[in-house]
Amino acid sequence: MQSKNARTAGNCRTIFGNSYLAVAVEGRAGRALLLYHSKSKVAPAFCRLSREPALSLSKGRLALAVAARRRHDSRRDGGATRSGSRPEEPVSYSTEKSKQAYEQTQGVLIEGSSSSSRGPATFGEYPIFMERGRGSRIFDVDGNEYIDWMMAFGALPLGHAHPEVVEAITGAAATGAHFASATPIELEVAEMLQSLIRNAERVRFANTGTEAMMAAIRLARGVTGRPKILKFEGHYHGWHDDLLVSSNVLPPSALGLRSDPVKIPDSSGLNRSALDDTIVVPWNDLKALQRAVENHPGQIATIVSEGIMANMGVIPPAKGYLRGLEDLAHANGILFILDETVTGFRIAPGGCQEYYRLSPDLVTFGKALGCGLPVAALVGRAQVMDALQWGGVLHYGTHNGSRIGMYAARANLRVLTRDDNAAFRHTWRIAERLCDGLSSLFRSQGVPAIVQRVGPMFQIMFTDQPAIRDYREFCQFVDRAAFQKFVLSLFPFGVYASPAAALHSIVTLAHTDADVDLTLEAAEKALEKTT
Ligand SMILES: Cc1ncc(COP(=O)(O)O)c(C=O)c1O
């Protein structure tokens with residue numbers, strides 16, 4: 001195809017960039033891209049092409065090749081790395097400083113960090129020590145640059161250091177962090193939540209998803225006067241005692257029968273008597289749920305569910321399942337708590353509640369609300385939420401509704417909902433492109449892996465199954481070691497995701513089509529190394 005910027009003749013395609021001239025050549029020995037700097041007319045620089053035919057090379061592809069070339073040049077000249085490219089060859093990749101930093105933490109920080117999910121259990125020998133982030137990129141202490149698909153466990157819906165969030169935070173910090181009193185910004189953010197979330201008749205702020213869920217459980221028990229709570233296998237709702245059961249990946253033989261799951265505490269030190277009142281049921285199985293409700297008449301205060309199972313990769317609800325759950329709860333005087341800690345401000349402006357047309361009694365939010373700051377919320381029907389008044393059901397917290405966090409949340413919600421919720425359309429589109437690309441890569445390479453996605457949340461699962469539909473299937477059929485190996489092999493190619501198979505990746509407003517292209521290239525190279 002001839003265009004103003006490109007000419008094809010014989011085995012050669014010439015493309016004119018802004019400051020580069022590229023000649024793509026296809027010969028029997030392979031494909032090559034020669035880059036000439038149009039100003040200095042230096043000798044041609046050689047750059048390897050990926051698998052795409054050189055003669056159909058587009059301007060977009062040229063831009064990527066030029067970015068890679070510039071990075072190479074700037075490294076060779078001792079210059080700073082530039083965003084917009086990735087490490088060319090893993091040969092130059094080193095995490096020596098991370099290793100040293102980890103060694104220094106020994107005897108000081110447990111597992112080198114402040115949460116077991118960030119330590120060697122997830123990363124292998126030692127975690128990567130990150131130094132800064134901007135947009136879709138994150139940079140480690142060794143100067144490596146990565147496209148970040150993890151985005152702080154989903155806490156950064158706009159990417160790193162979004163300018164409007166930075167301005168909001170610094171402005172709030174400069175005028176006082178905490179007044180131990182009511183603040184106008186709390187009202188403003190609460191009203192924003194009411195406008196986005198249908199059942200948010202009342203709002204209470206907390207700091208973390210765990211805290212919001214603790215308050216929700218207490219509220220449900222207080223309002224119904226019933227002791228028991230029902231949760232699902234493989235769902236995680238924070239690290240408090242009531243719900244910390246059957247949410248880790250375990251050997252299938254440990255799980256017991258579907259009809260009577262073994263309740264497996266996820267930690268030592270739990271209050272075992274609290275767990276006596278926790279009923280565990282397989283998810284995506286209405287019959288099992290119905291049986292459990294019938295077996296505990298008048299005893300169950302609440303059914304707690306994630307909208308999308310987000311702590312066993314990404315597992316969507318079966319069609320009509322959540323509506324069935326909700327109907328069953330309400331028909332039996334049970335409150336439905338929807339945990340939107342992960343899905344809130346991600347799947348849709350009103351979360352899973354909006355997307356699946358649900359009507360829960362209480363909803364918890366965290367992660368994406370504070371744009372990297374610890375902000376969580378409990379919202380719900382006035383009839384239930386008003387029991388918090390005067391501490392009837394007690395919920396305190398020195399840092400609840402933190403002023404700086406509230407300013408971050410306001411900036412975040414403004415950006416997310418701008419231009420008729422354009423951010424949501426963007427993240428869905430980018431995620432679809434990336435996941436389609438990954439799926440066809442696995443297919444074409446004969447790799448037994450699938451990609452499960454809902455909107456901007458996705459996870460690669462190394463499995464020979466066509467789909468993973470619940471916790472038991474995840475435990476039985478997903479090869480977590482293969483996933484960890486694959487993700488760690490992406491790092492040298494400038495792509496970062498959580499190496500934990502039970503977590504998932506997230507597309508944010510900051511991710512671009514170029515990030516998708518580079519990630520697909522990196523995935524192809526990582527597969528060459530690992531399969
Ligand atoms: C669905 C869900 N609920 C609750 C939580 C707990 O949130 P936090 O880590 O902010 O306490 C998490 C954390 O990953 C989660 O995934």
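Helix H7, residues 209–224, gives the shell around the ligand its largest share, 3 residues. Helices here are DSSP runs of H or I with at least four residues, strands are runs of E with at least two, and both are numbered from the N terminus. The model is a predicted one: local features need pLDDT of at least 70, side-chain atom pairs count only at pLDDT 80 or more, and totals for chains, interfaces and linings use all residues. Residue numbers start from 1 along each chain as its sequence is written.

Let me stay with the ligand. Which residues come nearest to the ligand? They are Thr208, Gly209, Thr210, Gly238 and Thr341, out of 15 residues around it. To be near, a residue must have its C-beta atom, placed from the backbone, within 6 Å of the molecule. By class, the shell has 5 nonpolar, 8 polar and 2 charged residues. In that count Ala, Val, Leu, Ile, Met, Phe, Trp, Tyr, Cys and Pro are nonpolar, Asp, Glu, Lys and Arg are charged, and the others, Gly among them, are polar.

Now the chain as a whole. There are 16 helices and 21 strands. Of the 531 residues, 46% are buried. Buried means 20 or more other C-beta atoms within 10 Å of the residue's own, exposed means 12 or fewer, and partly exposed is in between, with C-beta atoms placed from the backbone. Among contacts between residues at least 6 apart in sequence, 68% join residues at least 24 apart. A contact is two C-beta atoms, placed from the backbone, within 7 Å.

Next, the core. The largest nonpolar core has 135 residues, and those with the most contacts inside it are Ala216, Leu335, Ala377, Ala408 and Leu490. Helix H13, residues 403–445, supplies the largest share of this core, 15 residues. The core also draws at least three residues from each of domain 2 (94–161 + 421–530) and domain 3 (184–417); the domain bounds come from an automatic or database domain assignment. A nonpolar core is a set of buried Ala, Val, Leu, Ile, Met, Phe, Trp, Tyr and Cys residues joined through C-beta atoms within 7 Å. Take alanine 408 as an example: leaving out residues up to four places away in sequence, alanine 408 touches Val165, Ala168, Ile169, Gly370, Cys371, Leu373 and Val375.

On to helix H10, residues 321–331. Its buried residues are Leu322, Leu325, Glu326 and Ala329. Why are these on the same side of H10? Because they cover an arc of only 95° around the axis, the arc being that of the directions from the helix axis to the C-beta atoms. As background, an α-helix has 3.6 residues a turn, so residues three or four places apart point the same way. The buried residues of H10 pack against helix H9 (286–295), strand E14 (300–306) and strand E15 (335–339). Just after H10, glycine 333 takes a positive phi of about 65°.

Methionine 151, in helix H4 (residues 151–154), has a phi of about 45°. Methionine 151 is buried, with 28 other C-beta atoms within 10 Å. Asparagine 421, in helix H13, has a phi of about 65°. With 13 other C-beta atoms within 10 Å, asparagine 421 is partly exposed.

Asparagine 400 sits in the loop between helix H12 (382–385) and H13. How far apart in space are asparagine 400 and phenylalanine 205? They are 5.6 Å apart, C-alpha to C-alpha, although 195 residues separate them in sequence. Not counting residues up to four places away, asparagine 400 touches Phe205, Ala206 and Asn207. Asparagine 400 is partly exposed, because 19 other C-beta atoms lie within 10 Å.

Isoleucine 138 is in strand E7, residues 137–140, and is buried, with 24 C-beta neighbours inside 10 Å. Tyrosine 496 is 358 residues away from isoleucine 138 in sequence and 8.3 Å away in space, C-alpha to C-alpha. Tyr496 is also one of the residues that isoleucine 138 touches, including Met130 and His160.

Arginine 118 is in the loop between helix H2 (96–105) and helix H3 (120–123). Having 18 C-beta neighbours inside 10 Å, arginine 118 counts as partly exposed. Arginine 118 and proline 499 are 381 residues apart in sequence and 9.9 Å apart in space, C-alpha to C-alpha.
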